[in-house]
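Take a look at the structure below.

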Amino acid sequence: MASLGLILCLFSVSLLSLCQIPTAIEDERKASHFCFVSSIEDSLVRSYGRSFNGFAAKLTKSERDKLMGMEGVVSVFPNTVYKLLTTRSYEFMGLGDKSKQVPNVESNIIVGVIDGGIWPESKSFSDEGIGPIPKKWKGTCAGGTNFTCNKKVIGARHYVQDSARDKQPHGSHTASTAAGNKVKGVSVNGVAKGTARGGVPLGRIAIYRVCEPAGCNADGMLAAFDDAIADGVDVITISIGGGVTKVDIDPIAIGSFHAMLKGIVTTAAVGNNGSKPGKASNLAPWIISVAAGSTDRKFVTNVVNGEGKTIPGRSINDFDLKGKKYPLAYGKTASSNCTEELARGCASGCLNTVKGKIVVCDVPNDVMEQKAGGAVGTILHVTDVDTPGLDPIAVATLDDTNYEAFRSYVLSSPNPQGTILKSGTVKDNDAPIVASFSSRGPNTLFSDILKPDITAPGVNILAAYTPLAQTALPGQSVDYYFMTGTSMACPHVAGVAAYVKTIRPDWSASAVKSAMMTTAWAMNVSKNADAEFAYGSGYVNPSVAVDPGLVYETAKEDYLNMLCSLDYSSKGISTLAGGSFTCSEKSKLTMRNLNYPAMTAKVSASSSSDITFSRTVTNVGKKGSTYKAKLSGNPKLNIKVEPETLSFKSPGEKKSYTVT
């Protein structure tokens with residue numbers, strides 16, 4: 001028998017007119033999908049029909065091929081496994097207690113979190129003092145085993161396992177970052193003490209659990225989008241990625257497009273693939289693609305040698321050695337069974353004489369060797385220290401210069417000793433900087449569309465955690481903890497989008513995106529080597545995003561006509577359109593003329609180019625507003641804006657211009 005594979009299928013028309021429905025099946029949507037599979041019990045896995053039309057089924061290759069040729073079927077693609085990609089962050093972005101707030105509108109905002117679940121008992125999700133559930137909510141609490149919703153977490157669904165409960169911390173962390181309550185006095189054993197909060201602390205949360213330890217399946221993500229759209233959420237945050245996939249077979253791109261049609265903003269993480277060019281994911285132009293950056297809170301962990309000299313280091317160290325000096329183990333004094341070179345690198349199995357000592361290592365590692373050997377702490381040589389984390393013993397990391405100074409002391413002293421101090425925080429004047437792990441552009445799907453779109457805090461974010469999850473703190477469960485990644489940056493932008501919608505509730509999804517991109521802080525190119533391919537339009541700036549003056553709005557047809565100019569078929573584009581769509585030469589729109597808030601063109605580096613962008617802006621400022629073009633940048637570029645001045649008589653008025 002041919003092997004079965006899980007296949008996702010989407011339709012452009014109602015199936016009811018295409019088949020005879022078995023009378024034994026009461027669910028009309030599922031019944032219509034049954035027509036396309038041989039046995040509903042064995043084949044049909046999931047039906048979509050609340051916001052778009054399709055199903056997931058286990059099919060053989062021949063069944064799949066037959067399905068692809070049927071009338072009304074616009075897309076058939078395999079199920080794919082995707083991966084899950086604070087007390088200071090919102091304050092650093094400028095969204096604090098003194099920011100403009102409309103409480104009655106904010107309490108009506110619903111943020112949908114497609115992730116790994118939630119720990120509903122967290123203080124971040126308490127409904128104390130929160131009013132009735134918004135009347136617009138059309139969802140349900142189907143959280144499964146041992147799960148109860150409240151007036152804060154108003155909805156829950158799970159597409160894996162038996163509950164929407166978060167047994168890993170990822171979903172709770174992202175949900176609280178987007179829309180968690182204000183919780184005072186949060187810290188990790190006194191480190192980074194402050195108020196944890198989301199972008200809309202009075203907002204509501206709907207959780208859609210699609211992830212389990214093995215990953216996040218495409219069929220579940222499509223179902224989550226289908227439900228979230230119909231449930232009535234205002235913003236969706238999804239910190240999940242699976243590489244670069246064409247948008248007509250990408251569940252996140254498909255789901256977010258249908259969300260956009262209903263005015264729902266979708267934010268997605270670009271991934272944690274590092275600084276190699278072209279590794280960013282979630283590249284569809286209707287998604288807000290988020291990179292991770294630092295805040296101005298810098299964790300400092302100083303080391304003191306036996307001579308009393310203090311050497312600055314980095315880490316988040318909550319172990320208090322109380323200033324006691326311990327013997328330093330390095331090379332021969334750390335091992336009796338390995339070469340000195342291996343011992344200096346703290347190689348596996350080498351640290352057998354380090355009990356009660358502080359181990360000095362030439363290379364970074366996960367410190368489990370040191371802990372297993374009974375060391376009280378370790379000092380690591382780390383070139384890149386932009387993302388320090390907590391560890392199970394006292395840890396300090398030193399950069400090249402400071403490590404060499406400390407190592408010189410160790411080698412020259414007959415009895416080297418030292419201690420590691422508990423971490424403190426200082427202001428980082430270099431912030432914000434894009435994290436080294438944050439995936440970079442350029443956009444490998446749409447070369448003339450800038451990605452990432454924007455940067456937000458994603459380094460050492462302190463937010464809600466599940467007490468069941470492991471931490472670096474031995475034998476200790478926590479309610480709040482640090483996590484790092486573009487997964488943490490993504491819900492910050494979702495929180496800001498939700499905040500913007502409290503001030504501008506009538507704005508479209510593209511208007512909200514435009515407002516955030518055009519008001520973002522300009523980031524320093526000298527400190528961010530990959531420039532716009534690292535940080536996009538800049539660092540999100542919530543308080544200014546509510547009043548951008550002008551917005552670039554993009555309609556459904558604009559996106560579809562852009563796809564027509566590329567290698568997408570009418571059938572593939574119909575997957576996104578939710579109905580039959582035919583490309584025509586007359587309506588095709590080039591990527592660079594999509595009404596996007598950034599202007600990007602891929603050109604030859606060896607010859608001159610003449611590029612023109614066309615844009616239309618909508619006045620969301622005051623009546624009688626005038627805007628003038630201001631040019632700056634590379635003197636090798638000859639830039640011309642026509643017209644140079646745009647004057648608007650009233651809000652909502654639209655005007656066009658070109659940039660050559």
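Strand 6 (residues 110-115) and strand 14 (residues 235-238) run parallel and are joined by three bridges. Two strands pair if DSSP finds at least two bridges between them. Val 113 stands opposite Thr 237 in strand 14. Strands are DSSP runs (E, at least two residues), numbered from the N terminus.

This is a predicted model: local features need pLDDT of at least 70, side-chain atom pairs count only at pLDDT 80 or more, and totals for chains, interfaces and linings use all residues. Residues are numbered from 1 along each chain as its sequence is written, and side-chain values use heavy atoms, without hydrogens and water.

Eight strands form an open sheet with parallel pairing, in the order 7-8-11-6-14-16-17-27. Strand 7 and strand 27 stand at the edges, each with a single partner strand, so one side of each has no neighbour in the sheet.

| Strand | Residues |
|---|---|
| Strand 7 | 141-142 |
| Strand 11 | 204-209 |
| Strand 27 | 454-457 |

Arg 204 lies in strand 11. Is Arg 204 buried or exposed? Arg 204 is buried (under 20% relative accessible area, 1.4 Å probe, protein chains only). Arg 204 has no salt bridge (a side-chain nitrogen of Lys or Arg within 4 Å of a carboxyl oxygen of Asp or Glu). The nearest side chain of opposite charge, Asp 127, is 7.7 Å away. A polar atom of the Arg 204 side chain lies 2.8 Å from the backbone oxygen of Lys 151.

Ile 639 sits in the loop between strand 32 (626-628) and strand 33 (641-642).

Definitions and conventions
Helix = DSSP H or I, 4+ residues; strand = E, 2+ residues; numbered from the N terminus. Buried < 20%, exposed > 50% of the residue type's maximum accessible area, 1.4 Å probe, protein only. Lys, Arg positive; Asp, Glu negative; His and termini not counted. Polar contact = N/O pair within 3.5 Å; in protein donor to acceptor, adjacent residues only side chain to side chain.
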